[in-house]
Amino acid sequence: MTNNLLKHGLLGLSEYAEREMLHSELNAEVYELINIPSQLSQLVLLSDRQQTNRERELVVQLCEHFGIRILNSAFDQLSVELGDFQLRWERHTEYSTYTFYSEGPFDVPFSRPAIAHVPPEWLEKLPGEVLVATHIALEDRRRPSRSMSELSALFSSNTVIGSKVSAGSASVWSDNQIHPDGFTRFLIHDDNLRSRQVGRLVQRLLEIETYRMLAILPMTMTREIIPQLERYGDQLTGLMSNTIPNSIEDEQYLLVRLTALATEVEKISAQSSHRFSASQTYHTIMQQRIVELREERIEGLQMLYEFRKQRVTSAMNTFDLVRSKFETLSLRVERATSMLRTRVDISMESQIRDLLKSMDNRAYLQLRLQETVEGLSVVVLSYYLLGITGYGLKAAKAAGLDIDIELMTGLAIPIVVTIVFFAIRKFRRMVSKSASGEGKKG
């Protein structure tokens, strides 16, 4: 009964389609099982996501070169044995890592690193730009610890730094320098590492190297941005203090220049904000990995990440300062633009008010002129009507009626004038009423 229920899922409950994929992702093996002695080399290449398919193709080609066939080509990470070495490839958001492991004893660390087993012509085809290149050599605990003169020779007479890590289970040395082959170097001596600790220690060292470089990636961009911000700040100060608008046209021109300045500031801010945010994330991860490393001081040596952490922290403070300058400048431009826009609005309102007042005066003058014209119209129409009336009286007298034409014409004057006056007044009211009705419909 129980087996039957399990066949159909969790007691008959429907299962989320991507549950197994998510569970596998959470439980994916992050650390390789590394046997000591061994050497490894890692390349971290910055590349666009568009290059991912090309990277997969090259990884598959390398596997086929060593007689290994990869059936599933839609992978974002792969770990595979290739003859005398092992390859681990991982695709991240903006970079890819190629880690090569070579197990076996060696006399001189870094003389024949793990990457020497990889065909050079294949390495030349890798897309992207190298950000980090690291060699790590792991020595067996049975080998006596090296003297400072030996360590100095291994690191080309550079200043050697080092510390105990993993609660004193291993000693790690480096010189924090890029050597002629383009790689940095770490030498790890196994003091009392357990098998699982080896992979975790190596992974932490590699991640710290990667994340500290990714964290300071905006450094060059920041050096270019700082002069631009100072120049924009000076432009804003000049616009607001040296330019005195004398007209609405001057204010509008100034507003156009402020808007253009705001556009430039926001464009640079948009281009850099993502990089600064990513840098902050990488810095946080780097700090976590350094804490997990559990460094202890070796007498007479500077600790591995004591100096590096200070430099990265200094760079992060610079990035925070630039972000603060962006916010301050954006706020200043916004306030200046808002004040100037208010001034422009007030000036335009004043002009509109003057225009309306002028239109009112014109309307009043037109009304007075219209009334004058209407008065003249009454006189003119009355004159013509009285003339017509006179002709009518003359015709009646000629017909034999005994009429005093001058008297009758004089008596008709007030009557005609009154009739014409009220007729014109009524006609004007009808026209005004019709225009008012059309205005309401509109």
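This is a predicted model: local features need pLDDT of at least 70, side-chain atom pairs count only at pLDDT 80 or more; totals for chains, interfaces and linings use all residues.
Trainee: Which residue does a cis peptide bond join to Ile 36?

Mentor: Most peptide bonds are trans. Here omega is about 5°, and the bond is cis.

Trainee: Is Phe 110 buried or exposed?

Mentor: Phe 110 is found in the loop between β4 (95-103) and α4 (120-124). Its phi is near 75°, a positive value in a residue other than glycine. The cut-off for buried is under 20% relative accessible area. Because the relative accessibility of Phe 110 is 6%, this residue counts as buried.

Trainee: Where does Asn 176 lie?

Mentor: Asn 176 is not a glycine, yet its phi is positive, about 60°. With 25% relative accessibility, Asn 176 counts as partly exposed. Its place is the loop between β7 (170-174) and β8 (184-190).

Trainee: How far apart are the end C-alpha atoms of helix α6?

Mentor: Helix α6 runs over residues 195-215, which is 21 residues. At 1.5 Å a residue, the helix should span 30 Å. The distance in the model agrees with that: 31 Å.

Trainee: How many residues of α6 are buried?

Mentor: The helix has 21 residues and is mostly covered. Buried here means under 20% relative accessible area. The count of buried residues in α6 is 17.

Trainee: Which strands stand at the edges of the sheet?

Mentor: Nine strands form an open sheet with mixed pairing, in the order β2-β3-β4-β1-β5-β8-β7-β6-β9. Each edge strand has a single partner strand, so one side of each is left without a neighbour in the sheet. The edge strands are β2 (77-82) and β9 (296-297).

Trainee: In β8, what is the bridge partner of Ala 170?

Mentor: Strands of a sheet pair through backbone hydrogen bonds, either parallel or antiparallel. For β7 and β8 the sense is antiparallel, over five bridges. In β8, the residue bridged to Ala 170 is Asp 190.

Trainee: What angle does the direction of α6 make with that of β5?

Mentor: Helix α6 packs on the sheet and touches β1, β4, β5 (129-139), β6 (161-165), β7 and β8. Its direction and that of β5 make an angle of about 155°.

Conventions
Residues are numbered from 1 along each chain as its sequence is written. Side-chain values use heavy atoms; hydrogens and water are left out. Helices (H or I, at least four residues) and strands (E, at least two) are DSSP runs, numbered from the N terminus. Buried means under 20% relative accessible area, exposed over 50%, partly exposed in between (1.4 Å probe, protein chains only). The expected span of a helix is 1.5 Å times one less than its number of residues. Two strands pair if DSSP finds at least two bridges between them. Contact means heavy atoms within 4.5 Å. Axes are lines fitted to C-alpha atoms, for helices over the stretch in contact, and angles run from 0 to 180 degrees between N-to-C directions.
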